[in-house]
Amino acid sequence: MDHQPVRVAVHALKQHLMDHPEAALGTDAFARARLTDGLVTTVEGPSGQRLTTDMPREIGGAAAAPTPGWYVRAGIASCVATVIAMRAAELAVPLRQLEVQVESRSNDNGMIGIDDGVPAGPLDATMQVEIGAEGASGEILTEIVNWAVAHSPMADGLTRAVPLTVAIEVV
């Protein structure tokens, strides 16, 4: 994998943000979900991004698409992989292999409302990273992974309570 374009871009972005710190803060692109049929939702973004979610049959869905929770795990896995690749490129470490797998455990009693003492979301999560690079020690690769997990926006969102403001419009 050619890491040079990523290395150049990361360096340029860092320099830009150091020169213009006000440019670092911004609003992320929205995701708008619309219920389309049963428990199927279509999610759209401002630039035409689109995905579909559904729930398992056991909860009333048709199992026609991944669940929202799977997309969360997919987002965390892909975000961490991306930040690992960015950090490796920045340090001129040529990755030859990178896989990130994220799993979580949940208790459906929280989502269904059987027990309000049970969280609706994941109880815990695990991440497995397989990484290889030519000429890089295990110590360097471990440092890159740990740095990336600490700087991944999605991993951070999973491990830190993020305030949520809810606005309701009844139509």
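Guide: Leaving aside neighbours within four places in sequence, Thr-41 is in contact (heavy atoms within 4.5 Å) with Ala-33, Arg-34, Leu-35, Thr-36, Leu-51, Thr-52 and Thr-53. The model is predicted: local features need pLDDT of at least 70, side-chain atom pairs count only at pLDDT 80 or more, and totals for chains, interfaces and linings use all residues. Residues are numbered from 1 along each chain as its sequence is written, and side-chain values use heavy atoms, with hydrogens and water left out.

Visitor: Is Thr-41 buried or exposed?

Guide: Thr-41 lies in strand β2 (residues 40-44); strands (E, at least two residues) and helices (H or I, at least four) are DSSP runs, numbered from the N terminus. Buried means under 20% relative accessible area, exposed over 50%, and partly exposed in between (1.4 Å probe, protein chains only). Because its relative accessible area is 16%, Thr-41 counts as buried.

Visitor: Which side chain does the side chain of Thr-53 join in a polar contact?

Guide: Thr-53 is in strand β3 (residues 50-53) and is buried, with a relative accessible area of 6%. A polar contact is a pair of N or O atoms within 3.5 Å; within protein, one must be able to donate a hydrogen and the other to accept it, and residues adjacent in sequence count only if both atoms are side-chain atoms. At 2.4 Å, the partner of the Thr-53 side chain is that of Thr-41.

Visitor: Is Met-111 buried, partly exposed or exposed?

Guide: Met-111 is found in helix α3 (residues 108-112). Together with Leu-39, Ile-59, Ile-112 and Ile-114, Met-111 makes a nonpolar surface patch of about 440 Å². With a relative accessibility of 41%, Met-111 is therefore classed as partly exposed.

Key:
Patches are made of residues with over 30% relative accessible area and no salt bridge: like charges are joined within 9 Å, nonpolar side chains (Val, Leu, Ile, Met, Phe, Trp, Tyr) within 5 Å. Accessible areas come from the Shrake-Rupley method with a 1.4 Å probe; for residues, only the protein chains shown count as cover. A salt bridge is a side-chain nitrogen of Lys or Arg within 4 Å of a carboxyl oxygen of Asp or Glu.
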